Amino acid sequence: MRCDFSDSLLQEYFDGELGGRSAAEFERHLRHCARCATELVDLDLLRDRLHLAQLYQPATASLRWRINARFHPIVPKTPASKPLLWHWMAAAAALLIIAVVLAKLGPWLQVDDYQAELAGEIVDSHMHSLQPGSTMGVASNDERMVTSWFEAKLKLALPVRDFANEGFALKGGRLDVIEGRSVAVLAYERDGHPINVFMWRTREPETSARTGSRQGFQWVDWRKGKMEFCVVSDTKVADLERLHELIDSST
Amino acid sequence: MSELSVEDRERFEQLVLPHVDAAFNLARWLLRGRSDAEDVAQEALLRACRFFGGFNGGDARAWLLQIVRNTCYTWLEKNRPMELSMEFDEELHQQTSATPETLAIIADDHKRLTLALETLPPRFREVLVLRELEGCSYKEIAAITSIPIGTVMSSLSRARRQLYSALTNSSQGACS
């Protein structure tokens, strides 16, 4: 650079890092130095091009769920108080009571174990569907098209509804395998959160909705009319319960 | 993670986790690949969580990006040591940045800029990414990269010059 001002000063001015007085001094210099002025225009053009090209790369969905899975389940919603001696004693007493109750309720527990295992598999499948490259069997918001796709694949008439008016936009459907059997999966989206609804035939008695969470994902499960449904997402539980109501009233 | 108290875990979630995009963006540009960047960004977040006790308040993004950068360099040293030794080799950079074959393939500006940025030596690439994509101040860049502010300025200046000349070469090549 032939002028008296260093290249660093030009960079500083361009980046808005030059203080008031030095900036004014540099601006005076700019009026006479064609070289610095040209360079400033070039820097502006370069910056415009960088910004227009949208090079910023936000975190991928798969990194998000990996981090979600690592961090969310360990973060309690409400801050726990400091562990005091009587807390431990109360906990010990509670454990004793639980042990007695468990011994009496063995058969019931198996149901809950089964539920937890099932939810685990469903959450895994849901996470898998969030990874880049995972494909939809039928990508459409046309209820009839999705219904007939499932009919052809599973010989099963499913309650396929687009609840876009209620904020749950139908995205399509696919098949998955949970516990060794084929299940139908309807994909919805709410405020950018993907929601999967797993459906399969069952002979078990009807149940009301049960909710749970696993690895940062929420699920709601219920059985109605020889069908079992399980809704999974990282969105609010209230949203999933709303979707449950909508599906419930359409079946 | 289990070493953190409940309060620290909540603080970590509030202060650090919102900067996952920044962490991934820096890792992606330093490592020049999405899947490596995912692994390294995740590793960096786990490290950040482990060292969160040592975070004394202040700028959580700069603190996290410092860890991301160190994790990236450790990864590069282990997996692609050649890339780090090539830094500041401007002649080599100019040779690799614009061959007619690569230029013929590169049609749009996004691809052309991506290639130009990726062929910059890592030390230049990181200051440009932090300044232009992440919007960091000189002070923040100095904190993240552990290099003096004066060096931040001169690196930025040289990085911009190289990027500019790579782009000018490439557009001339594309026309001919």
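## Basis

This is a predicted model: local features need pLDDT of at least 70, side-chain atom pairs count only at pLDDT 80 or more, and totals for chains, interfaces and linings use all residues. Residues are numbered from 1 along each chain as its sequence is written.

## Interface of chains A and B

In chain B, 43 residues are in contact (heavy atoms within 4.5 Å) with 39 residues of chain A.

The rule finds seven salt bridges across this interface. A salt bridge is a side-chain nitrogen of Lys or Arg within 4 Å of a carboxyl oxygen of Asp or Glu. One joins the side chains of Asp15(A) and Arg131(B) (2.9 Å, N to O).

## Helix H9 of chain B

H9(B) spans residues 122–133. Helices (H or I, at least four residues) and strands (E, at least two) are DSSP runs, numbered from the N terminus. Eleven of the twelve residues of H9(B) are buried, so the helix is largely enclosed by the rest of the structure. Buried means under 20% relative accessible area (1.4 Å probe, protein chains only). Arg131(B) is among the buried residues. Gly135(B) follows H9(B), with a positive phi near 70 degrees.

## Strands of chain A

Strands E1 (residues 169–178) and E2 (residues 181–190) of chain A run antiparallel, joined by nine bridges. Asp176(A) stands opposite Val183(A) in E2(A). Two residues lie between the strands of this hairpin, where Glu179(A) takes a positive phi near 50 degrees.

Glu228(A) sits in strand E6 (residues 227–233) of chain A. Glu228(A) is buried, at 1% relative accessible area.

Terms used: Chains lettered and ligands numbered in written order. Heavy atoms only, no water. Buried < 20%, exposed > 50% of the residue type's maximum accessible area, 1.4 Å probe, protein only. Pairing = 2+ DSSP bridges.
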